[in-house]
Amino acid sequence: MKLIRIILLLVFLVLLLPVQSVVQAQTATPPSVEAVLNSMTPEERVGQLFLVTFNGTDTSEVSQVYDLITQNHVGGVVLLAQNDNFVSAPDTVAQTQALINSIQRVEWETSINPVIDVTTGLEMNSVYVPLFMGIAQEGNGYPTDQILSGLTALPSEMAIGATWNTEFAARVGEVRGRELSALGFNIYLGPSLDVLEVPSVSGGDLGTRVFGGDPFWVGEMGRAYVTGLHTGSENQLLVIAKHFPGVGGSDRLPEEEVSTVRKSLEQLKQIELFPFFSVTGNAPSPESAVDGLLVSHIRYQGFQGNIRATTRPISFDPQALNQILALPQFAAWYAEGGLVISDDLGTRAVSEFYAIGGGQFSARTAARDAFLAGNDMLYLGNIQSLDSPDSYSTTKRVIEFFVQKYREDPAFAQRVDASVKRILAAKVGVYKNIPPH
């Protein structure tokens with residue numbers, strides 16, 4: 001026990017350094033994922049399923065993000081410009097690194113200093129599990145970049161694709177990976193591997209956020225870019241390709257409205273899914289394979305060949321999503337630990353879909369549906385139910401609902417544990433060491 005405490009103290013001292021130094025300094029043999037899981041409470045297990053957001057830069061004990069980490073044990077945090085998580089130049093980069101270090105320190109200090117459970121009033125100790133820190137930095141400045149100063153100005157995916165040069169794509173990815181990892185980010189929501197078949201006249205498509213319109217070359221450029229991200233970050237950045245299984249055939253942005261694409265699974269394999277094959281089962285090396293897929297809220301008419309049948313949004317449709325993941329190109333990749341993460345559940349597209357027919361949007365229902373559809377992690381974003389005053393309250397209610405389900409439903413608990421094992425394995429891959437208590 002004394003030795004373990006000494007090890008924990010040393011790790012904490014390391015955490016006072018920039019996050020990149022932390023990652024490089026952790027050399028101890030990690031405990032098994034099973035050992036970490038077995039030491040976690042239901043609340044800690046459930047919390048790992050969620051990527052959350054918060055407003056501002058405050059991480060003190062009175063802040064919302066502090067509460068979500070210490071009381072709800074969330075698995076990760078995504079930083080957004082719209083939430084004022086970044087300060088203006090010239091302090092953007094330094095403040096971002098300090099903010100990420102501060103957020104990670106909250107998780108660490110919670111594991112060594114008991115906190116009061118606001119529900120029971122009792123002291124509780126937590127297992128130390130480092131947080132995912134995520135960002136979507138797509139290039140080309142505002143509005144597709146979150147950090148607008150202090151980093152190398154990099155081109156959009158469309159500009160990269162226009163070069164038809166995979167070496168250039170790899171170099172851009174390398175710069176992106178190196179800089180984001182140095183700030184402390186360890187999960188990258190991108191790149192987009194959508195195939196833009198026919199650009200929309202109205203501008204309602206992804207525009208410059210794609211590598212192009214040829215499935216083969218989108219796959220080639222995407223694979224090179226992913227390799228660069230991994231190389232530049234020294235494999236300390238998880239790459240989560242989007243917008244799986246492909247929204248390039250849509251004329252609506254995935255954040256704004258659930259779109260219906262009229263294609264069968266066989267057609268999807270030839271176009272939309274082809275680039276994703278390139279970075280999963282067909283990836284020639286670990287560095288060229290993505291670590292996860294961000295599942296979009298898009299539905300397909302004629303998915304099974306019957307043009308009269310339409311899926312639910314894939315992110316909420318267990319039959320359709322599992323059928324896609326069972327394809328040979330994805331099955332082995334998934335079995336080896338590839339993560340499946342829902343796209344932002346806080347978008348207008350999701351709330352309007354659930355409100356069809358006069359219904360009321362329930363964040364708990366949407367999150368449950370997305371999880372049971374097969375997503376390992378749920379990106380809640382700025383989610384808000386109509387019966388909640390804000391996103392923070394909605395997020396807490398969703399997590400508490402999952403905890404209740406975990407305690408009451410053994411099948412649900414088993415499903416949670418399976419996803420948490422996958423999440424913990426991914427974190428061990430990044431951090432190399434999750435010290436046991």
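The protein chain exposes about 17,500 Å², and 53% of that area is supplied by carbon and sulfur atoms. Before I go on, please keep in mind that this is a predicted model. The chain has 437 residues, and buried residues make up 57% of them. In secondary structure, the protein chain holds 17 helices and 12 strands. As for contacts between residues at least 6 apart in sequence, 74% join residues at least 24 apart.

Now the aromatic residues. How many aromatic pairs does a search of the whole structure find? The count is 17. Take Phe50 and Phe402: the ring centres are 5.2 Å apart with 80 degrees between the planes, and the pair is edge-to-face. Phe50 belongs to strand E1, residues 50–52, while Phe402 belongs to helix H16, residues 391–408, so this pair ties together parts that are 352 residues apart in sequence. Are these two residues, Phe50 and Phe402, buried or exposed? Both are buried.

A second pair is formed by Phe216 and Trp217. Their ring centres lie 5.6 Å apart and their planes stand at 85 degrees, so this pair is edge-to-face. Phe216 is partly exposed, at a relative accessible area of 42%, and Trp217 is also partly exposed, at 31%.

Back to Phe50 and Phe402. Together with Phe371, Phe401 and Phe412, they form one aromatic cluster. Which arginines sit over rings of Phe401 and Phe371? Arg364 lies over the face of Phe401, 5.5 Å from the ring centre. Over the ring of Phe371 sits the charged end of Arg415, at 4.1 Å from its centre.

Next, helix H8, which covers residues 166–183. With 18 residues at 1.5 Å a residue, H8 should span 26 Å; the C-alpha atoms at its ends are 26 Å apart, so the two values agree. At the N-terminal end, Asn165 caps H8, with a side-chain oxygen 2.9 Å from the backbone nitrogen of Glu167. After the helix comes Gly184, which has a positive phi, near 115 degrees. Which residues of H8 are buried? Among them are Ala169, Val172, Val175, Leu180 and Leu183, and the list also includes the charged residues Arg176 and Glu179.

Trp164 is not a glycine, yet its phi is positive, about 55 degrees. Is Trp164 buried or exposed? Its relative accessibility is 54%, so Trp164 counts as exposed, the cut-off being over 50%.

Glu234 is another non-glycine residue with a positive phi, again about 55 degrees. Glu234 is found in the loop between helix H9, residues 215–232, and strand E7, residues 238–244.

Last, the cis peptide bonds. One runs from Ala89 to Pro90, with omega near 5 degrees. Pro90 is in the loop between strand E2, residues 76–78, and helix H6, residues 92–112. Another cis peptide bond joins Tyr142 and Pro143, where omega is about 5 degrees. Where is Pro143 placed? The loop in question lies between strand E5, residues 132–135, and helix H7, residues 157–161.

Technical notes
Residues numbered from 1 in each chain as written. Predicted model: local features only at pLDDT ≥ 70, side-chain atom pairs only at ≥ 80, totals over all residues. Heavy atoms only, no water. Phe/Tyr/Trp six-rings, centres within 6.5 Å; stacked < 30°, edge-to-face > 60°. Helix = DSSP H or I, 4+ residues; strand = E, 2+ residues; numbered from the N terminus. Buried < 20%, exposed > 50% of the residue type's maximum accessible area, 1.4 Å probe, protein only. Lys NZ or Arg CZ within 6 Å of the ring centre and 35° of its normal. Expected span 1.5 Å × (residues − 1). Polar contact = N/O pair within 3.5 Å; in protein donor to acceptor, adjacent residues only side chain to side chain. Contact = heavy atoms within 4.5 Å. Areas by Shrake-Rupley, 256 points an atom, 1.4 Å probe, with all protein chains shown as cover.
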